[in-house]
Amino acid sequence: MVKNSTQPILLEKLFELLEVHQGAFRQERTYWRAVGMVVGEIFNFGRHTVTQGLMALGVTDGDWSSWYRLFSRGRYEERKVAKIFFRETIEHTSEEEPYVVGVDGVQIPRSSLKMPGTSWLKAPRTPVFKVGIHRAQRFLHGSWLTPMEDGYSRAIPLRFLPAFPPKAKPANVPAQTEGEAGLSFLHWTRQGLDEEGREQQIILTLADGSFDTLNFWRTLPERTVLAVRTARNRRLYDLPERHAGVGRPPSYGALAPHPCDWLHKGISWQKRDVRVRGRSILMKFQVLGPFIREGLPEIPLFLFVVKGMHRKVGKKKLRWKHRKPSFYLVSAVQVNGEWQLPLPVETILAWLWQRWELEVAHREMKSGFGVGEKQCWTPRSTISSVQWSVWVYALLLLSAYRTWGLLNAPHIPTRWWQGAKRWSFNTLWRHYRSAFWGTPPFQALWTRTPDNWLKKEAFLIGLHNSIAASARI
């Protein structure tokens, strides 16, 4: 790989972030052990277990128990680390704009029937007409979404909270639903902003339909706006009229049409060009309300109906593109006695597209970074080892974001493809390794092989650690 002048800056930003987190570790030696494991994660070409990371570092002759105690004895404290990392993200947003977060449930597949926190859950990769189950741990992923650049954003994890159901194998955390874990994350975020002097900055929360529950709406923290996908047959009511007579005032107004019924009302659709992932998309939508959700008469909400699409796209090769209509409920705020949208329509529409970045992060963490592969079995380490991998993933992303932004990564040195407009995690991983190989401590790992075969011995010895780790030898 061709060396680039920005690569040392990438390492500089990474070690700056690691140094900021030193206060989260009780002892200096524990902190340096954590730094070593971060480097081991980068050079690990095999499964992302603790053993594989230590083999990549060349730590093969010593006692490994102290490395495993990082998770089993609570020497890595997720809450302390998350608080420090959260402060580092605040500097990238201004108080005038919303602090955008996303919440979503994620499953870590497991094969053990006895591992703490595991239970039988709905398998996400089975068809809807024949739903299957699998063994897994359930977590709540709370993520910060970076400010958009040309319609691009990226989800960087802040918390990865266990959300084990009551029938899961007992662990050292109480059972809770995804919604309860999501509320805990939002209250933690609101408290963190207030402590940093951001009392006036609102939190914009993006969520899927599983969080559209009565309890979630009722217990949202103050100055928090929720934009959540809702059911197409959700029961909504108009606001009740003012009651001047005797008796209890009504809680609901007239029954409003179901969200899907607005598709066939013959109304004129509003249109906006929204910048999404480097291109403009014409969105047809309606903003309706305010309404009251059944069972929730005290909280007015606005309904966003986004029309579906079925049209031909492409210039050289035409193809049909189909997108189903979608329906969202958004918090309403009261200004001068009237209920209004908390943010401009264009801003809400643009951020509704970005919720998918959480799904992208799930794929990168589980398929690319090996979250959940560490073989830790105690009630504490089975949770902290997962949270550790997510924290390292977030560190690598934030360091790259501070170095390149979202769109200014070095080009990939290939003739047929120069890389996507927004850098991928695999591209980032390659640049981290290339940056380390260009530094003196790792120089031997990137020495070009000479023509004389007798002189290649030093090169092969330099690659031994990484090859041995990937081959599990």
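Student: Is Lys 421 buried, partly exposed or exposed?
Tutor: Lys 421 counts as partly exposed, because its relative accessibility is 45%. Buried means under 20% relative accessible area, exposed means over 50%, and partly exposed is in between, with a 1.4 Å probe and protein chains only.

Student: What sort of model is this, and how is it numbered?
Tutor: It is a predicted model, in which local features need pLDDT of at least 70 and side-chain atom pairs count only at pLDDT 80 or more, while totals for chains, interfaces and linings use all residues. Residues are numbered from 1 along each chain as its sequence is written, and side-chain values use heavy atoms, with hydrogens and water left out.

Student: Back to Lys 421. What does it form a salt bridge with?
Tutor: Its partner is Asp 150, with the closest N and O atoms 2.4 Å apart. Lys 421 sits in the loop between H10 and H11 and Asp 150 in the loop between S3 and S4, so the pair ties together parts that are 271 residues apart in sequence. A salt bridge here is a side-chain nitrogen of Lys or Arg within 4 Å of a carboxyl oxygen of Asp or Glu. Helices (H or I, at least four residues) and strands (E, at least two) are DSSP runs, numbered from the N terminus.

Student: What about the backbone at Asp 150?
Tutor: Phi of Asp 150 is near 55°, a positive value in a residue other than glycine. Asp 150 is partly exposed, because its relative accessible area is 25%.

Student: Where else is there a positive phi?
Tutor: Arg 277 has one, at about 50°, although it is not a glycine. Arg 277 is in the loop between strand S8 (270-276) and S9, and it counts as partly exposed because its relative accessibility is 28%.

Student: Which peptide bond is cis?
Tutor: The bond from Gly 289 to Pro 290 is cis, with omega near 10°. Pro 290 belongs to strand S9 (residues 279-293).

Student: How many salt bridges are there by that rule?
Tutor: The count is 23. One of them joins the side chains of Glu 41 and Lys 374, at 2.5 Å from N to O. Glu 41 is in helix H2 and Lys 374 in the loop between helix H9 (356-368) and helix H10 (381-404), so this pair links parts that are 333 residues apart in sequence. Both Glu 41 and Lys 374 are buried.

Student: And H2 itself, how many of its residues are buried?
Tutor: In H2, 12 of the 15 residues are buried, so the helix is mostly covered. Among them are Tyr 31, Arg 33, Met 37 and Glu 41. Helix H2 covers residues 28-42, and its end C-alpha atoms are 22 Å apart, which agrees with the 21 Å it should span at 1.5 Å a residue. The expected span is 1.5 Å times one less than the number of residues.

Student: How far does H11 reach?
Tutor: Helix H11 (residues 425-437) reaches 18 Å from its first C-alpha to its last, close to the 18 Å expected for 13 residues. H11 is mostly covered too, with 11 of its 13 residues buried, including Trp 429, His 431 and Arg 433.

Student: New topic. Where is Gln 201?
Tutor: Gln 201 is in the loop between helix H6 (178-195) and strand S5 (203-207). Gln 201 is buried, because its relative accessible area is 0%.

Student: What does its side chain make a polar contact with?
Tutor: The side chain of Gln 201 makes one with the side chain of Thr 93, at 3.5 Å. A polar contact is a pair of N or O atoms within 3.5 Å; within protein, one must be able to donate a hydrogen and the other to accept it, and residues adjacent in sequence count only if both atoms are side-chain atoms. A polar atom of the Gln 201 side chain also lies 3.1 Å from the backbone oxygen of Ser 94.

Student: Last one: how many helices and strands does the chain have?
Tutor: The chain has 13 helices and 15 strands. Of its 473 residues, 50% count as buried.
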